[in-house]
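Trainee: I would like a close look at one part of this model, the place where the two chains meet. Please go on from there to the neighbouring parts, in one connected account.

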Amino acid sequence: MNVVVCFRAPPPDPEVDTLARADLLALGHALELAAGGHQTTALLGGTSMEAGSLRLALAAGVDRAVRVAADDMTGTDFHTIGQLLAIALRRIGADLVLTGVRSDDEGLGAAPAAIARHLGANYVAGVEEIAAVSAGTVDVVVRGGGRKRRLRVRLPAVLTIAAGPATLAQRPARAGAAPAIEVIPLSDPEATVVRRRTELLGRLEPASRGVETVTSAAALVAALDRR
Amino acid sequence: MDRSCAGRHDSARVPRRHASARRLLPNLLVPIDLRDGEPTGPSLFALSEGRRVAHVAGATVYAIVMSDRELDGAVVAHLGRAGADKVLLCEGAGLTGPALDATHGAALQAAVERVAPLLVLFPSGGAGMALGPSLAARIGAAFAGAADLEAIDAAGPLTDGVGRVVLRRWRGRRAAYRRLDPVEIERPVVAILAAGVAAELVGGAEIDVDVIACAAPRANSTSELGSEPDDDARIPLARVLVAVDPALGPEAVAQIAAHAPVGVVVVDGDGSAAAIAVSAPEIVIAIGDVEIAAMGTPHGRLGAILFGDGALPPRAVDVLWRLPATAPGTELWSEIGKALSAFAAKGVS
């Protein structure tokens with residue numbers, strides 16, 4: 001089974017190779033599946049300056065890292081991101097796609113559904129455990145309607161990850177150097193159908209809110225409940 | 001009661017750009033979350049929010065209920081009093097269970113095909129994260145994961161009768177707002193509202209129910225192997241969420257929670273992180289060094305109680321109470337718990 005972990009979030013600090021928490025949870029599950037012998041790939045849409053998450057994923061033990069070369073994904077709507085990443089996922093050949101619940105930049109959590117739609121894959125949001133995998137299916141745990149449910153999902157599937165292992169699974173050290181990050185250019189004829197519809201993100205407005213300092217619990221509650 | 005057959009709905013056959021993306025009618029659709037047969041507090045709040053802006057927009061508020069049986073008359077009346085003009089009942093096998101895209105996506109699609117929406121407003125704690133993004137992807141809509149609903153009086157109604165109803169949401173990390181106007185973008189908006197409280201019952205109990213007969217979902221794409229009660233089920237339904245640093249000890253959670261009124265949920269910030277991440281409370285209080293993963297809304301407020309020189313959380317806070325590093329203890333937990341009782345005065349869902 002080919003497992004692809006999609007990093008959507010830009011790195012919290014561009015100067016340091018780091019992973020956003022949502023991406024870390026998804027990577028944790030991917031590495032646990034890798035320990036079971038499944039092929040794992042990390043995928044990111046973004047610039048080479050934003051590829052720190054891919055370097056970290058390779059260091060943690062994923063088999064491949066692929067970057068879809070894109071100038072500025074932060075101003076791109078989720079429909080376009082889904083289409084873009086689905087093109088790359090078809091190239092890579094993905095059975096199971098794992099992503100964070102939502103990205104740090106826009107915080108929507110909608111791109112995975114767009115990926116699933118473009119791939120014709122099943123979509124399950126808020127997965128906390130990937131309990132077992134058999135041929136053509138994956139077992140997951142999700143919450144909903146006041147229940148914690150164990151589901152069997154047919155592959156291909158796109159899962160958003162709400163919880164994961166506290167620490168990344170350690171894979172045996174690789175023989176030789178880590179593989180290079182592969183690049184899928186946007187100049188690819190198949191990818192040129194992608195259009196950006198920034199208006200779907202909404203009009204940007206400045207947030208001018210200061211911090212009110214208080215000195216008691218009662219004052220804290222009163223300030224929070226004020227309208 | 002109008003009963004019609006929608007036939008089989010296969011998401012793979014849905015047109016790339018749904019008709020509702022081209023034809024914006026002033027319809028507000030609210031998918032209702034039922035627990036033990038009763039609508040949740042956030043569902044009633046979402047209906048009341050829809051009703052609040054419907055006057056300005058000249059809009060009709062539809063409550064969408066997905067079930068495998070007819071609705072109890074008392075539930076219909078409850079939805080009407082909360083603000084619904086009509087109920088759309090998507091009736092089909094397996095629709096009473098918790099929502100998944102594989103099992104409920106086609107039924108919701110059928111409702112949207114029946115009533116082209118301006119906005120689809122999921123309540124907090126409902127099926128928003130499971131169904132909202134997929135619906136938006138199918139109909140080419142915008143999506144807002146946690147948003148406030150606002151009516152703009154100044155702009156007035158448009159010539160085609162569509163008023164200016166907009167949604168506001170945070171960008172990630174509360175760095176800026178995004179304002180989504182379905183008229184401006186010429187597409188519907190799918191959103192999840194915060195878990196607020198319906199201020200008053202504003203509608204009438206006598207409302208119509210339209211039934212859409214829904215075929216069984218695609219076989220075998222997703223099946224339930226088993227389930228158990230969710231210990232954190234109340235978190236996404238809470239208007240006020242208090243997340244406590246686990247380093248402060250379980251007694252901190254227990255003592256604060258002992259004083260908290262109904263609807264104020266006090267949890268271990270790490271142990272309940274998964275449920276917090278998919279919740280949208282109106283008010284969040286972080287105690288100690290705890291990362292807040294919940295997506296608040298611009299109307300919401302975020303408070304922090306920090307000890308010593310602890311750094312502010314990455315998401316900007318609105319209200320800060322900084323205490324000495326020696327402050328944590330029974331006396332403080334009691335003070336915080338008693339202060340939370342003030343939330344009961346406004347009412348909590």
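Mentor: In this predicted model, 62 residues of chain A are in contact with 66 residues of chain B. On the side of chain A that touches chain B, the elements that give two or more residues are the helices α3 (78-92), α4 (111-119) and α5 (217-224) of chain A, together with the strands β5 (122-127), β7 (137-144), β8 (147-154), β11 (203-206) and β12 (212-213) of chain A. Of these, β8(A) gives the most, with eight residues. Sorted by class, this side of chain A holds 28 nonpolar, 20 charged and 14 polar residues.

Staying with chain A for a moment, the loop between β8(A) and β9(A), the latter covering residues 157-161, holds Pro156(A). The peptide bond that joins Leu155(A) to Pro156(A) is cis, with omega of about 0°.

Turning to chain B, the domain assignment gives domain 1 as residues 2-213 and domain 2 as residues 240-346. Between these two domains of chain B, 18 residues of domain 1 are in contact with 15 residues of domain 2. On the domain 1 side, β8(B) and β9(B), residues 165-170, are the elements that give two or more residues, and β8(B) gives the most, with four residues. The residues of that side divide into nine nonpolar, five charged and four polar.

The loop between α5 (128-139) and β8 (142-151) of chain B is where Ala141(B) is found. Because 29 other C-beta atoms lie within 10 Å, Ala141(B) is buried.

Just after α3(B) comes Gly83(B), which takes a positive phi of about 135°.

Asp36(B) is not a glycine, yet it has a positive phi of about 55°, and its place is in the loop between β3 (34-35) and β4 of chain B. Asp36(B) is exposed, because there are 6 other C-beta atoms within 10 Å. Glu186(B), likewise a residue other than glycine, has a positive phi near 60°, and it lies in the loop between α6 (182-185) and β11 (189-193) of chain B. With 11 C-beta neighbours inside 10 Å, Glu186(B) therefore counts as exposed too.

Terms used. Residues are numbered from 1 along each chain as its sequence is written. Chains are lettered from A and ligands numbered from 1 in the order in which they are written. This is a predicted model: local features need pLDDT of at least 70, side-chain atom pairs count only at pLDDT 80 or more; totals for chains, interfaces and linings use all residues. Two residues are in contact if their C-beta atoms, placed from the backbone, lie within 7 Å. Ala, Val, Leu, Ile, Met, Phe, Trp, Tyr, Cys and Pro count as nonpolar, Asp, Glu, Lys and Arg as charged, and the others, Gly among them, as polar. A residue is buried if 20 or more other C-beta atoms lie within 10 Å of its own, exposed if 12 or fewer, and partly exposed in between; C-beta atoms are placed from the backbone. Domain bounds come from an automatic or database domain assignment.
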